[in-house]
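Colleague: I'm new to this one, so please walk me through it slowly.

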Amino acid sequence: MKPYLFVLLLLAAGLSASAQFTLSGRVRHFSGQHKIEVNLPSIFGYHNENTVSVPLSGTGEFHITLPADSIRFATLIYRRTHYTLLLEPGRNLEVEFDENANGIWFTGGSAADVCRLMQDIGMDKTPFFWENDSLGALPAGEVRSAVIAPWFGEFAHHAETIRQSRLSKSLQNILIAENYYRHFNYLTDFISTTIPDRKTVNELIVALYDTIPIAPKSPHPGPQYWTFTDKYIRALEMRAFIRVKAENILPSAPIPWFGISFDSANVIVSRYGKPYWRWIGSMHNFPPDVAESYNWQQILNQFSDRDVAQALPLAEAFRQRFPKSRFLPRLEKMETALRDSLAVNRNNKNISIVEDYEKVQSIYDVVKKLKGKVVYLDMWGTWCGPCKEEIRHLPALRASLAGKDVVFLFLDVDDDSKDAAWKDFIRANRMEGLHLRMSRKTVAPIWKEILANHSDKSESYPQYFLFDKSGKLAIAKALRPSDGPALTQQIESLLMP
């Protein structure tokens, strides 16, 4: 081999190794019952497609190389417990678990100190206010003194602990920034979901987000920062509509912070969905590099859901605004895959739409035509995040019931204007089964008839119902696709003679 070629190969190997992070260790008292996983977010959010399984030997030992071309945060998962890791290029970490005890032990490696410090300051610890339901009933002033002040006092203590550590100044700044945004995110969730009084919620959120700029506090912002950007744009929505109402801003006048009228916003949301509205808000308020990464995650979310109506317009807007983005090669592949899936399933005979579904007035009009089969009814909507998450579990459910007398019946609840988008969605997602669509108005009688004999009258989405072979409603509020084998067993109980 020529000397210069050998040198090039060595350099390439060195560059490759420097863009990786090595995780290794063992599980004490290993029985093989529990798996180890690592979630590597693209930008932010916990998405199953970003989770990789860690191979385990017969004695519970493991060794895996993870991509790390720059400093990034990751989540290590064992026995449903999450542990935050900081991956640095070229570094390594050795950990141990014990099947007979909870927790994680950082036993060695060049990344042990930083990961051990994150554990010591409680990066994965549940905030104290999630453990006290009474705090949500307090007035705004008392929430500030009983929740906000001590919570940020805890952050100040954590920041000082980080500054006193042996870590480099750059790593200290990264950890302090991520912990700072973590405190904002948890507090936002508490205020938004726990406090019942809308006026108190608005007052606290506006005051909270009025104190912090959108620009990241670290050159290596982690997923907590990017989660903060999403909450920031939602806080801007709240502030904007408070201003619109307080100042009687006309529907034809620009909305503060968004630069388009209320009338235009309604058209955009109706046609392209909320992500496009937030695209507009981020373009008006975020620095370009922040807007690029934030919107890339929004695009990933829509393509992951195979939501044709929302994904493709957002992708085109992204391409025009960021023509040199590093994300474009991957975007083109995703667009091709989505269009291919849609084209293939346009002629999928296993995806069937109820004839004259607009005229259906009772779900039994559909079910009675399926006598001799167990019917699993899915009440869902293309706008419903939890519904989309459950759809991911349908292929495994169908496989577990292959060849059995079961029909999947899907009732989508969407406005008439969403008819084409709904049909594209079920085809792109290969939702094999029988489909019909109703609006929120026309579905009202359906809810009444299927919940008539059930004590829980809530009409939340998604919900599931099982009809036996005779067409009788056998199980109201049945298990979800994500319940896996338990749902399969529930369905099979109705297949028995």
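Colleague: How many nonpolar, polar and charged residues are in the lining of the second largest pocket?
Modeller: That lining divides into 14 nonpolar, six polar and seven charged residues, where nonpolar means Ala, Val, Leu, Ile, Met, Phe, Trp, Tyr, Cys or Pro, charged means Asp, Glu, Lys or Arg, and polar covers the others, Gly among them. Please keep in mind that this is a predicted model, in which local features need pLDDT of at least 70 and side-chain atom pairs count only at pLDDT 80 or more, while totals for chains, interfaces and linings use all residues. Residues are numbered from 1 along each chain as its sequence is written, and side-chain values use heavy atoms, with hydrogens and water left out.

Colleague: What space lies in that second largest pocket?
Modeller: The second largest pocket holds about 730 Å³ of space, and among the 27 residues that line it, P41, S42, I43, S70 and R326 are the closest to its centre. A pocket here is an open set of points on a 1 Å grid with protein on both sides within 12 Å along at least five of seven lines, and lining residues have an atom within 4 Å of a point.

Colleague: Which element gives the most to that lining?
Modeller: Helix α9 does, with five residues, while β5 (72-78), α6 (223-246) and α9 each supply at least two. Helices (H or I, at least four residues) and strands (E, at least two) are DSSP runs.

Colleague: Staying with α9, is S293 buried or exposed?
Modeller: S293, which lies in helix α9 (residues 288-304), counts as buried because its relative accessibility is 7%, the limits being under 20% for buried and over 50% for exposed, with a 1.4 Å probe. Not counting residues up to four places away in sequence, S293 touches I43, W226, R326 and F327, so that heavy atoms lie within 4.5 Å. Two of these, I43 and R326, are also among the residues closest to the pocket centre.

Colleague: New topic: how many aromatic pairs does the structure hold?
Modeller: It holds 42 aromatic pairs, a pair being rings of Phe, Tyr or Trp whose centres lie within 6.5 Å, with planes under 30 degrees apart called stacked, over 60 edge-to-face and the rest tilted. In one of them, the rings of W279 and F318 have centres 6.5 Å apart and planes at 55°, so the pair is tilted. Since W279 sits in helix α8 (residues 274-285) and F318 in helix α10 (residues 308-321), this pair ties together parts that are 39 residues apart in sequence. Both W279 and F318 are buried.

Colleague: And what about the rings of W380 and F425?
Modeller: Their centres are 5.5 Å apart and their planes stand at 35°, so that pair is tilted. W380 belongs to strand β10 (residues 374-380) and F425 to helix α15 (residues 419-428), so the pair ties together parts that are 45 residues apart in sequence. W380 is buried, with a relative accessible area of 1%, and F425 is buried with a relative accessible area of 1%.

Colleague: Last one: where is R398 found, and which residues is it in contact with?
Modeller: R398 is found in helix α14 (residues 394-400) and is buried, with a relative accessible area of 18%. Leaving aside neighbours within four places in sequence, R398 is in contact with F408, R430, M431 and E432. R398 and Y464 are 66 residues apart in sequence and 15 Å apart in space, C-alpha to C-alpha.

How values were computed:
Rings of Phe, Tyr and Trp (its six-membered ring) pair if their centres lie within 6.5 Å; planes under 30 degrees apart count as stacked, over 60 as edge-to-face and the rest as tilted. On a 1 Å grid over the protein atoms alone, a cavity is a set of points where a 1.4 Å probe fits but cannot get out, and a pocket is an open set with protein on both sides within 12 Å along at least five of seven lines; lining residues have an atom within 4 Å of a point. Grid points are joined across faces, edges and corners, and a volume is the space filled by probe spheres set on the points.
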